[in-house]
Amino acid sequence: MPPNGPRLLQISDTHLFADPAAEQAGVVPELRLRATLRAMAPWAATADGLLHTGDLVHDGSARGYQRLRRALRSLDLPGLVMPGNHDDREGLHAAFATGPVSATRTLRLGDWTLIGLDSLRTGEVPGHLGEAELAALDRALADCTTAYCLVALHHPPFPVGTPWLDAIGLDNPGALFRRLAADHRVRAVVCGHVHMAFDGHANGCRALSTPATAAQFLAGAEAFAIDRGPPAFRWLDLRADGGIDTDVVRVTGV
């Protein structure tokens, strides 16, 4: 554990297929995931938890989920996974029902609690938090006994400055931020979906997104456009004073 609090590692948008040789947006997601995990291994030795913020697979395949489950366990960290718009909710929960990395609601890391939310709306690209999911968030916050919280979901509830992506984020961010604003322990919202890094603030809360391990999207583009950059992961040092130190690590040699 880093001297001032737990360290969390985040990956997102792995987009695996049943066929490990399959391509998506001009890259082979399987190969890029393997390269990312190799780069993460030294970081995992000093980390306390792992977070995957959705689009675990691209085709909803059970084989993709099982390979990813085995791959994430190689980091030897407890962790949370949550669905993205490409995921099959039932398949994801079946694969990650138990084990150190699971699809459970919360994970405690020292003085921090991670709360995972399901923003998947089946058959749609934008995300939504239904009443049941918002009620689950209310319960998680009510049950939380740590000094600080971090909330994670696939779809950003904040704009990242890329118009076509901002149109397909979370479609009801107000319902989320009303709850977060009422609880001073929530120090950040962490997301995937946009295949790029973002670090800012929204409604008074730290707002973070993380690049994909699969293909990246071009920041600022008006319409769909690929960034030929490498895969990446994010580290977050969750400080004892409630602050967060964080950055993105780009994976070379892919």
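In what order do the six strands of the open sheet lie? The order is β5-β6-β7-β8-β10-β9, with mixed pairing; strands pair if DSSP finds at least two bridges between them. This is a predicted model, in which local features need pLDDT of at least 70, side-chain atom pairs count only at pLDDT 80 or more, and totals for chains, interfaces and linings use all residues. Residues are numbered from 1 along each chain as its sequence is written, and side-chain values use heavy atoms, without hydrogens and water.

**Sheet**
- Helices (H or I, at least four residues) and strands (E, at least two) are DSSP runs, numbered from the N terminus.
- β5 (106–109) and β9 (198–202) form the edges, each pairing on one side only.
- Strands β7 and β8 run parallel and are joined by four bridges; V151 has V189 in β8 as its bridge partner.

**Helices across the sheet**
- α4 lies across β5, β6 (112–116), β7 and β8, at about 170° to β6.
- α6 lies across β7, β8, β9 and β10, at about 150° to β8.
- These angles run from 0 to 180 degrees between N-to-C directions, with axes fitted to C-alpha atoms, for helices over the stretch in contact (heavy atoms within 4.5 Å).

**Nonpolar cores**
- A nonpolar core joins buried Ala, Val, Leu, Ile, Met, Phe, Trp, Tyr and Cys residues through side-chain atoms within 4.5 Å; buried means under 20% relative accessible area (1.4 Å probe, protein chains only).
- The largest core has 32 residues, and I115, L117, L153, L176, L180 and V189 touch the most other members.
- Elements giving two or more residues to this core include α4 (131–143), α6 (173–181) and β8 (186–191).
- A second, separate core has 28 residues, among them A35, A44, L68 and L77.

How values were computed
Buried < 20%, exposed > 50% of the residue type's maximum accessible area, 1.4 Å probe, protein only.
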